[in-house]
Amino acid sequence: MYRNKAGRGRGAAARGVPLAAALAGAALLLSGCSSDDGDRDRDGATRPVRQRPADAAPFWVNPEGSAARQVAAYEKDGRKDEAAQIRKIAEQPVGEWLGPDRPEEEARGFTEAAEKADRDALLVLYNIPHRDCGQFSRGGAADGDAYRAWIDGVAKGIGDRRATVVLEPDAVLHMVDRCTPEQFHEERHDLLRGAVETLTALKNTKVYLDAGNAGWSHPDALDEPLRRSGAERADGFAVNVSNFQTTEASEAYGKKLSAALGGKPFVVDTSRNGRGPYTGKGEDPWCNPPGRALGEAPTTRTGDPKVAAYLWVKRPGESDGTCRGGPRAGQWWPEYALGLARRTAP
């Protein structure tokens, strides 16, 4: 997350659900609890979630995600309206942000569950050393060797199963805006380039390197750092991750970068951009801004060959950090999730 004078930073903070949840999701899929057969199972209990039609949204819906669990909790308490609102989130595929400790196990758990449902896993890798400039999501791998080992674990866990990977939100942008100290730049380029090479070598994995958002005022400054970080070998790049820029602005921004990168396609994070960016006063506009709404549902049917997909990379309802009364970065915040859903048309 950067804090330039224009206030155009974003919090890319989020975390995937634990491995146990991934494996539980796989078990539910095997038992048929996430089929397309309707909202109730044979004993009349309400299904927590179901998969989206594969031809429009080929990405896996986690039946044990935070939103799905919230739906179940609200329904148990008789809070039907709240459950219906959160279902708008629970029944969409969202990114699974892999944790730092068990990359192979987590990647295997998510991709196996997705494979059993005949869907693609959507994974987010956010573990670069010195990530987030020591702010809300500070942390990341201890050093370059630890990061390379982590990426190797991710790749081994994915194997030949289908996966779409969004690689390292903010990592390139923070070099350009100098939020990441210059002494780390050369190593970071090398680590990102190596990650792209390792992951694109997998048979059924697509890799999109993060490339900032339309609030960034100097997109022309990004094309060379993206090239040095492996963008030309990647399947494309990602824009608007964890941000709130409109889809229209994001597509215009992405097309400028695409032209500079030899026509590379890109994906847009539409998870929370239904009302565009926050323009009010107060804390940073990227951090739990009030009055926002869900954006376009995830789909590969964008109507534009340059736009490979609309994705929910950031998981709607999870906090950007301890701003505006939120819990720590990546934690589920049901009140914020309800606000996003209620401001979104059915």
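Start by selecting Thr 164 and Lys 206, which are bridge partners, the latter in strand β4. This is a predicted model, in which local features need pLDDT of at least 70 and side-chain atom pairs count only at pLDDT 80 or more, while totals for chains, interfaces and linings use all residues. Residues are numbered from 1 along each chain as its sequence is written, and side-chain values use heavy atoms, without hydrogens and water.

Next, show β3 (residues 163–167) beside β4: the two run parallel and are joined by five bridges. Strands pair if DSSP finds at least two bridges between them; strands (E, at least two residues) and helices (H or I, at least four) are DSSP runs numbered from the N terminus.

Select β4 itself, residues 205–210; five of its six residues are buried, meaning under 20% relative accessible area with a 1.4 Å probe, protein chains only.

Leu 209 is opposite Phe 237 of β5. Between β4 and β5 the chain passes through helix α8 (residues 223–228), in a right-handed β-α-β crossover (clockwise from first strand over helix to second, with the strands pointing away from the viewer).

Move to helix α10, residues 334–342. Seven of its nine residues are buried, so the rest of the structure largely encloses α10. Among the buried ones are Tyr 336, Leu 338 and Leu 340.

Finally, display α3 (80–90), part of what covers the buried residues of α10. The α3 and α10 axes are 9 Å apart, at an angle of about 80° (lines fitted to C-alpha atoms over the stretch in contact, angles from 0 to 180 degrees between N-to-C directions). The two helices are therefore roughly perpendicular, a term for 65 to 115 degrees. Contact (heavy atoms within 4.5 Å) involves residues including Ile 86 and Ile 89 of α3 and Leu 338 of α10.

Technical notes
Buried < 20%, exposed > 50% of the residue type's maximum accessible area, 1.4 Å probe, protein only. Parallel < 35°, antiparallel > 145°, perpendicular 65-115°, else oblique.
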